[in-house]
Amino acid sequence: MAGFKTGVVIGAMVVGFPAAWLLSKIESQPIMFSSYYVGVQPDYVSVTGSVIGDDKLEKDRPINNGIQMTCWRPNGFCQYMNVDEIGPNLIGQINSENLTVRKWDDKELVADSFDISNQYKSCNYYEIRVLLKNKIATYTRLPNQKADLARCKMLFGESQPLRQWRIGDGKSWSGYNPGL
């Protein structure tokens, strides 16, 4: 009987330790959002992916996220949606807003959230720029000059309110490196 119990204990260790390690590894992996895609038609542009950055410090990079932007030239706006990973295997609320198209020619599309940010006196707004021929998309966070600068200084501290990142494949697609 002692041999049977020993066998069960050894078997549980052989299966249990690798299973526990695998479960902890899976739980610590970032959520996988849609891969990067830019679709361009004469009156329609679609961008899918994640806002990503190469900032040296992890705290300066965008958190793991997924975005979808669809623009129609005749309407003069882009429908923009985003969702962020707010914890291990946990996403936040899906945000949706209409961005104003500031420029759309044969080379680039530029849309921003300035009108929305200005309405709510937000400290910053963002601009999405899509280079149509190269299918490259950037995300730039800009300070709102019409906001309460004292409140915004408290919010950002010494950090730069101006940030430029790119839209691409997110952390799960590109091999997550947490940085410093």
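Trainee: How does Arg129 count, buried or partly exposed, and what is its relative accessible area?
Mentor: This is a predicted model, in which local features need pLDDT of at least 70 and side-chain atom pairs count only at pLDDT 80 or more, whereas totals for chains, interfaces and linings use all residues. Residues are numbered from 1 along each chain as its sequence is written, and side-chain values use heavy atoms, with hydrogens and water left out. Buried means under 20% relative accessible area, exposed means over 50%, and partly exposed lies in between, with a 1.4 Å probe and protein chains only. Arg129 therefore counts as partly exposed, because its relative accessible area is 28%.

Trainee: Which side chain meets Arg129 in a salt bridge, and what is the N to O distance?
Mentor: Side chains of opposite charge can pair when their charged atoms come close. The rule here asks for a side-chain nitrogen of Lys or Arg within 4 Å of a carboxyl oxygen of Asp or Glu. The partner of Arg129 is Glu127, and the N to O distance is 3.1 Å.

Trainee: Which residues are linked with Glu127 and Arg129 in a network of salt bridges?
Mentor: Glu127 is itself buried, because its relative accessible area is 15%, yet its side chain meets that of Arg129 in a salt bridge. The network that holds these two also links Lys103, Asp105 and Glu108.

Trainee: How many bridges join β8 to β9?
Mentor: Strands here are DSSP runs (E, at least two residues; helices are H or I, at least four), numbered from the N terminus, and two strands pair if DSSP finds at least two bridges between them. Across this pair, Arg129 stands opposite Thr138 in β9, and Glu127 stands opposite Thr140 in β9. The two strands form a hairpin with 4 residues between them, where Lys135 in the turn has a positive phi of about 60°. β8 and β9 run antiparallel, and the number of bridges joining them is 8.

Trainee: How many of the residues of β9 are buried?
Mentor: Besides its hairpin with β8, β9 is joined to β10 by 5 bridges, and those two strands run antiparallel. β9 is largely enclosed by the rest of the structure, because its buried residues number 6 of 8.

Trainee: Which residues does Arg163 touch, not counting residues up to four places away in sequence?
Mentor: Arg163 is found in strand β10, where it is the bridge partner of Arg141. Arg163 is buried, with a relative accessible area of 14%. With contact taken as heavy atoms within 4.5 Å, the residues that Arg163 touches are Asp55, Asp60, Tyr139, Thr140 and Arg141.

Trainee: How far apart are the closest N and O atoms in the salt bridge of Arg73 with Asp43?
Mentor: Both partners are partly exposed, Arg73 with a relative accessible area of 33% and Asp43 at 42%. By the salt-bridge rule the count comes to 8. The pair links distant parts of the chain, 30 residues apart, with Arg73 in the loop between β3 and β4 and Asp43 in the loop between β1 (37–41) and β2. The closest N and O atoms of Arg73 and Asp43 are separated by 3.3 Å.

Trainee: How far apart in space are Cys78 and Val101, C-alpha to C-alpha?
Mentor: Cys78 is found in strand β4 and is buried, with a relative accessible area of 0%. Among its contacts beyond four places in sequence are Met69, Val101 and Leu109, and Leu109 in turn touches Val101 as well as Met69. Cys78 and Val101 are 23 residues apart in sequence, and their C-alpha to C-alpha separation in space is 6.8 Å.
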